[in-house]
Amino acid sequence: MSIENFGYQQQLKRGLSLTDLVIYGMIFMIPIAPFGVYGWVHADAQGMVPLAYFIGMIAMLFTALSYAQMSKAFPIAGSVYSYAQRGVHEHLGFIAGWVLLLDYLLIPPLLYIFSALALHHFFPAIPKLGWMLIFLVSATLVNLRGVTFTARVNKAFLIGELIVLALFLGLGFEALYSGMGHGKLTLQPLYDPANFDLNLVMTAVSVAVLSFLGFDAISTLAEEVKGDPSRQVGRAALISLFLMGGIFILQTWLATDLAAGLEFDSLDTAFYEIAAAAGGNWLGTLTAIATALAWGVAVSIVSQAAVSRLLFSMSRDGKLPKALSLIHERYRTPHVSLYLVAALSLIIGVVFLDAPDVLTTLVNFGALTGFCILHVSVISHYRIRQRSHRLLAHLAFPLIGLLIIGYVLISMSTYAKVLGLAWIAIGMVYLAILIKRGKGVHLVSEI
């Protein structure tokens with residue numbers, strides 16, 4: 001099904017394979033993501049870190065299944081914005097796009113800040129703002145060159161991250177079976193009956209599940225996929241989710257057995273302390289720098305790509321200024337949207353350079369709200385409109401996903417919910433202005 005069936009013209013370059021999509025999702029989720037949050041998950045889960053990641057993967061599975069279903073029905077850019085717009089109602093689609101903007105727009109500056117803080121610690125001669133500018137310019141230039149060039153850079157970063165991970169796993173297993181920690185892999189990190197507390201584990205899951213955020217952004221590249229995007233997008237989301245889930249569980253399982261008997265200096269540096277104890281100070285430093293670069297460059301590249309495609313999709317539907325849908329003649333990329341994302345990232349990064357926790361809460365609220373709308377879209381489009389008899393795929397699975405994500409969303413701090421709802425309120429005011437100007441009903445015909 002071509003995008004012409006939905007009233008659009010093919011403007012973006014179709015240059016991505018299934019492998020490229022999987023790599024994109026893996027880069028966004030970061031193979032070494034647990035390095036940075038391990039200490040916090042360890043504290044909340046009473047040491048059962050791999051269990052928290054396993055539960056998080058299962059929770060995200062239902063969301064991935066819903067993405068697979070909606071990408072079959074609507075293989076176009078825009079992700080949940082397009083799915084809710086066409087699967088439920090155009091106005092809900094706008095709200096979905098609006099909350100996704102909260103997620104996608106804030107991820108780049110948030111990552112720039114975290115990476116700048118980490119590298120400034122190792123290289124204090126370069127100010128935090130200087131590191132942030134290096135990351136921002138690098139990510140923007142890569143994205144401007146086009147989706148094919150971006151895919152090649154993604155592969156290079158993925159290889160680098162996997163090499164660092166392989167070094168930790170190799171040296172870690174050697175240290176473990178040489179007597180460090182428990183002296184071998186045990187089942188205690190997966191289930192420790194003496195310390196198991198469901199509430200504490202679920203608190204840890206709410207942190208661990210953030211490492212899985214990113215596979216959803218694959219859907220924003222639907223119009224740049226070679227072959228049949230209605231099949232490739234869903235398959236890529238599921239493949240990347242399971243691959244990353246396995247990688248997360250393996251590295252945290254090893255780290256937890258290695259950590260037996262260790263006392264961390266800081267929850268922020270817990271993983272790096274484990275790496276240093278297992279392989280030497282150089283390995284601890286390497287894992288810390290690799291984490292900073294993964295956040296600051298690799299993920300920033302893919303997150304900029306995702307938000308620029310969302311802006312492009314909403315712009316061509318008349319929901320945002322038309323200039324954001326302009327395509328670069330040579331590279332076939334939404335360059336105006338990319339410039340806007342870079343400018344906003346710089347402004348937001350400067351404002352919140354010393355308060356990244358505020359950005360984190362807003363990113364989480366936007367992502368989880370978007371997931372809830374996604375599950376509603378599956379039920380509305382397939383079960384209610386098309387009278388589908390596939391009760392598992394089109395009713396049970398999205399309902400389970402909705403309940404899980406809704407529970408995590410409701411459990412967020414009051415501060416996060418107030419800020420998130422305020423953003424939605426602003427979006428509703430903007431939508432009312434669009435409707436008053438005659439731009440509230442702009443859904444093109446579809447087959």
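Q: Why is Asp20 called buried in this predicted model?
A: The relative accessible area of Asp20 is 11%. Buried means under 20%, so Asp20 is buried.

Q: What makes the contact of Asp20 and Lys155 a salt bridge?
A: Their side chains come to 3.4 Å, N to O. The cut-off is within 4 Å between a side-chain nitrogen of Lys or Arg and a carboxyl oxygen of Asp or Glu, and therefore the pair counts as a salt bridge. Asp20 lies in helix H1 (residues 18-29) and Lys155 in helix H7, 135 residues apart, so that distant parts of the chain are linked.

Q: Why is Lys155 called partly exposed?
A: Lys155 has a relative accessible area of 35%. Partly exposed covers the range between under 20% (buried) and over 50% (exposed), so Lys155 is partly exposed.

Q: How do you know that Lys319 and Glu90 form a salt bridge?
A: The closest N and O atoms of Lys319 and Glu90 are 2.6 Å apart, and the rule asks for a distance within 4 Å. This pair also links distant parts of the chain: Lys319 is in the loop between helix H11 (281-316) and H12, Glu90 is in helix H5 (residues 90-122), and 229 residues separate them.

Q: Why are Lys319 and Glu90 called buried?
A: Lys319 has a relative accessible area of 1%, and Glu90 has 6%. The limit for buried is under 20%, so both residues are buried.

Q: What makes Arg309 and Glu224 a salt bridge?
A: Their closest N and O atoms are 2.8 Å apart, and the cut-off is within 4 Å. Arg309 belongs to helix H11 and Glu224 to the loop between helix H8 (198-208) and helix H9 (229-258), 85 residues apart. Arg309 and Glu224 are buried. By this rule the model has three salt bridges.

Q: Why does Arg145 count as partly exposed?
A: Its relative accessibility is 41%, which falls between the limits of 20% and 50%. Arg145 sits in the loop between helix H6 (128-144) and helix H7 (147-176). On the surface, Arg145 gathers with Lys13, Arg152 and Arg330 in a patch of positive charge.

Methods:
Residues are numbered from 1 along each chain as its sequence is written. This is a predicted model: local features need pLDDT of at least 70, side-chain atom pairs count only at pLDDT 80 or more; totals for chains, interfaces and linings use all residues. Side-chain values use heavy atoms; hydrogens and water are left out. Patches are made of residues with over 30% relative accessible area and no salt bridge: like charges are joined within 9 Å, nonpolar side chains (Val, Leu, Ile, Met, Phe, Trp, Tyr) within 5 Å. Accessible areas come from the Shrake-Rupley method with a 1.4 Å probe; for residues, only the protein chains shown count as cover. Lys and Arg count as positive and Asp and Glu as negative; His and the chain ends are not counted. The place of a charge is taken as NZ of Lys, CZ of Arg, CG of Asp or CD of Glu. Helices (H or I, at least four residues) and strands (E, at least two) are DSSP runs, numbered from the N terminus. Buried means under 20% relative accessible area, exposed over 50%, partly exposed in between (1.4 Å probe, protein chains only).
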